[in-house]
Amino acid sequence: MTEDLAADMKIDIRNARVIDPASGRDETVPVFIADGRIVALGAAPDGFRPDRTIDATGLVACPGLVDLAARLREPGLEYRATLESEMQAAVAGGVTSLACPPDTDPPLDEPGLVEMLKRRAESLRQARVYPLGALTLGLKGQKLSEMGELAEAGCVGFFHADAPLTDLNVLLQAMRYAATFGHTVWLRPQDAHLAHGGVAHEGEVSTRLGLPPIPAVAETVALHAILELAEATGARVHLARLSTARGVALVAAARARGLALTCDVGMHHLHLCDRDVGDFNPHMRLVPPLRDQRDRDALRRGLADGTIDAVCSDHAPVDDDAKQVPFGEAEPGATGLELLLPLVLQWGAQMKLPLAATLASVTSRPAGVLGIEAGTLGEGRAADLCLFDEARPWIVDPASLASQGRNSPFLGLEVTGRVTTTLVDGRIVYSG
Amino acid sequence: MGAGLQVDSQGRLVHLLTTEGLSAEMILHILDTASQFVSVNEREVKKVPLLRGKSIFNVFFENSTRTRTTFEIAAKRLSADVINLNIGSSSTTKGETLLDTVWNLQAMDADMFVVRHAEAGAPHLIARHVKPGVHVVNAGDGRHAHPTQGLLDMYTIRHYKRDFTRLVVAIVGDVLHSRVARSQIHALKTLGVPEVRVIGPKTLLPADVERLGVSVFHDMAAGLRDCDVVITLRLQNERMSGPLLPSAGEFHKAYGLTPEKLARAKPDAIVMHPGPLNRGVEIDSGVADGRHSVIMPQVTYGIAVRMAVMAILAGNA
């Protein structure tokens with residue numbers, strides 16, 4: 001599948017509909033790549049002789065996708081997935097840059113672990129990996145991690161993942177410390193006590209199914225605390241995986257006040273709600289829980305109107321055994337890297353957005369959240385891009401996925417939009 | 001939810017997982033079948049050969065002497081071979097997964113599993129993975145469902161009140177944690193009971209419970225007014241004090257069923273309780289042992305209803 005071509009290969013991509021959300025470009029022009037960079041869009045540079053011409057008739061060329069949450073399961077959780085399998089899944093999904101949460105085993109709380117992960121990932125020469133360091137040592141919520149050292153090792157932010165952070169003084173000090181050095185603090189808003197023991201959104205469905213509930217206030221109470229602390233400390237905060245309509249409203253109000261804030265939503269939450277749990281389908285066991293239809297609709301609108309910056313795959317490969325158990329005991333999460341593009345296209349089509357606006361939520365906007373040079377197709381930029389057929393239907397099944405995780409709420413369903421070619425640094429890293 | 005799994009394309013019951021989605025016809029068929037077994041149970045020789053040669057495994061991942069015993073008696077009266085397994089803890093702490101346990105037992109030629117599990121949906125999972133022809137009876141899963149209890153309660157109500165379509169039924173107490181209450185509510189609504197009330201403090205009623213078709217009361221006196229049937233729920237010891245309730249005493253004062261409170265109901269109201277009783281907490285002895293109480297008949301009918309469910313599942317009734 002992967003052609004290991006020299007980085008200095010000259011490539012000419014012909015007949016693609018080139019969409020660059022950052023600049024608003026949407027036109028059929030040739031793309032010229034040399035030395036790993038986009039050297040020209042439109043007119044060929046003088047004397048450009050391609051080593052390879054790709055005929056992309058009927059395809060869209062866009063910046064490689066930027067995913068704000070992809071668990072690669074290394075170190076420590078290789079029985080769920082390996083770096084090899086998940087990096088292959090990333091490029092098969094058109095993802096060329098991804099942030100990985102620190103919820104590995106051990107958590108990413110020391111520079112050695114981060115350097116090792118970066119080195120292992122780089123040696124695979126596929127997508128670019130941007131680790132998020134653990135905000136506290138061992139994600140235990142007590143002691144600050146060495147943010148400076150971790151940032152030097154390559155961490156682009158500090159996240160508490162899904163681990164409880166109950167001591168607000170620790171959060172206050174973490175924000176002050178991070179603000180001192182300009183680090184971004186990533187938090188998934190959920191009050192640990194209010195969510196304790198819960199596995200499903202509190203509402204009619206959890207009542208019918210008798211599933212221990214997680215009330216919406218578990219998110220909004222935590223959001224209030226985070227927003228107050230962010231305002232008081234001046235820390236730059238990224239809110240991960242919003243799940244409630246009230247949460248979206250709180251974020252909109254905080255942004256209107258001028259708070260330095262970004263946020264994301266997981267792709268499943270744009271399409272599914274608590275009713276989809278059905279008869280205890282363990283594939284619907286996600287974190288945060290799937291909430292009700294009004295919440296889902298508010299998330300869809302919030303992403304469209306810019307209150308929410310980006311949509312992420314929240315990729316979490318889980319081994320089959322961990323899903324073949326009762327709902328409440330099932331390991332939460334779903335494989336996602338290869339579904340990010342079709343699911344974001346589906347959202348954009350349903351919201352009647354132009355393709356460029358749809359793609360912004362998985363390219364330029366998440367790149368902005370990470371503060372990285374990615375997600376655009378400007379001349380002189382690294383040639384990270386993907387070609388996809390926006391109309392191609394495919395069935396989500398284990399055979400169609402490169403990820404080691406076979407767990408998805410969309411298993412057996414047809415989705416539309418498939419990546420055909422992915423380039424990183426001008427190298428073809430995937431061609432399907 | 002769950003009706004799709006438990007009834008086949010010909011409308012036959014293949015598993016009993018929940019009362020939700022069961023048709024009124026199916027519920028009445030179970031009750032009618034049970035009434036035939038009530039007479040068997042009154043005979044000198046309380047045994048019929050309907051399930052001779054069948055192996056029924058009582059697989060209890062959560063301890064329960066009472067429910068397990070009633071299933072055991074019911075199976076034995078149908079002449080089945082009964083094997084009891086008290087696994088007693090959740091599958092995840094055992095090393096062996098729930099499905100491995102079930103597959104092993106299935107390899108021993110089980111015909112039916114009676115399953116109790118602390119996790120909601122565990123019987124659904126099992127039902128999805130057993131061979132065709134093997135039946136699953138939910139004997140209680142988390143807070144979700146306890147359908148045979150719900151059905152024996154319907155049997156009891158029908159026995160005393162005959163017509164479901166004129167009744168006011170109140171369910172009092174810890175509805176939040178009660179699989180029994182959920183199974184009762186679905187069955188009562190399906191059978192056409194026009195008014196089902198739940199009575200309790202806001203801490204013990206689940207979110208959006210009115211969406212199940214019940215009316216919500218926090219004031220017990222108002223909730224009991226003109227009731228034909230009063231069902232009190234067991235309050236678990238561990239919930240008597242903590243964040244949900246200040247004390248058993250305060251709960252009793254507001255929601256314990258006393259003769260004075262019961263006087264608000266109709267003069268011929270019946271009082272039910274799924275057992276075991278916490279006397280002096282959710283119910284006073286004067287009520288539990290009084291003339292309105294049908295708590296002991298509930299236990300008796302429970303055997304017949306479980307016989308009916310097993311016989312229907314095995315295809316012999």
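Colleague: Domain bounds here come from an automatic or database domain assignment. Into which domains is chain A divided?

Modeller: Domain 1 (11–61 + 381–396 + 414–431) and domain 2 (63–370). This is a predicted model: local features need pLDDT of at least 70 and side-chain atom pairs count only at pLDDT 80 or more, while totals for chains, interfaces and linings use all residues. Residues are numbered from 1 along each chain as its sequence is written, with chains lettered from A and ligands numbered from 1 in the order in which they are written.

Colleague: What separates the domain centres of chain A?

Modeller: 29 Å, taken over C-alpha atoms. The contact (C-beta atoms, placed from the backbone, within 7 Å) takes 20 residues from domain 1 of chain A and 25 residues from domain 2 of chain A.

Colleague: Which strand gives the largest share of the domain 1 side?

Modeller: Strand 20 of chain A, with six residues. Strands (E, at least two residues) and helices (H or I, at least four) are DSSP runs, numbered from the N terminus.

Colleague: Switching topic, how many residues of chain B are in contact with chain A?

Modeller: 29, and they meet 20 residues of chain A. Helix 6 of chain B supplies the largest share of the chain B side, three residues.

Colleague: And what about the sheet in chain B, in which order do its strands run?

Modeller: The order is 7-6-5-8-9, an open sheet with parallel pairing; strands pair if DSSP finds at least two bridges between them. Strand 7 (215–217) and strand 9 (270–272) of chain B are the edges.

Colleague: Which residue stands opposite Ile231(B)?

Modeller: Met272(B), in strand 9 of chain B.

Definitions and conventions: Contact = placed C-beta atoms within 7 Å.
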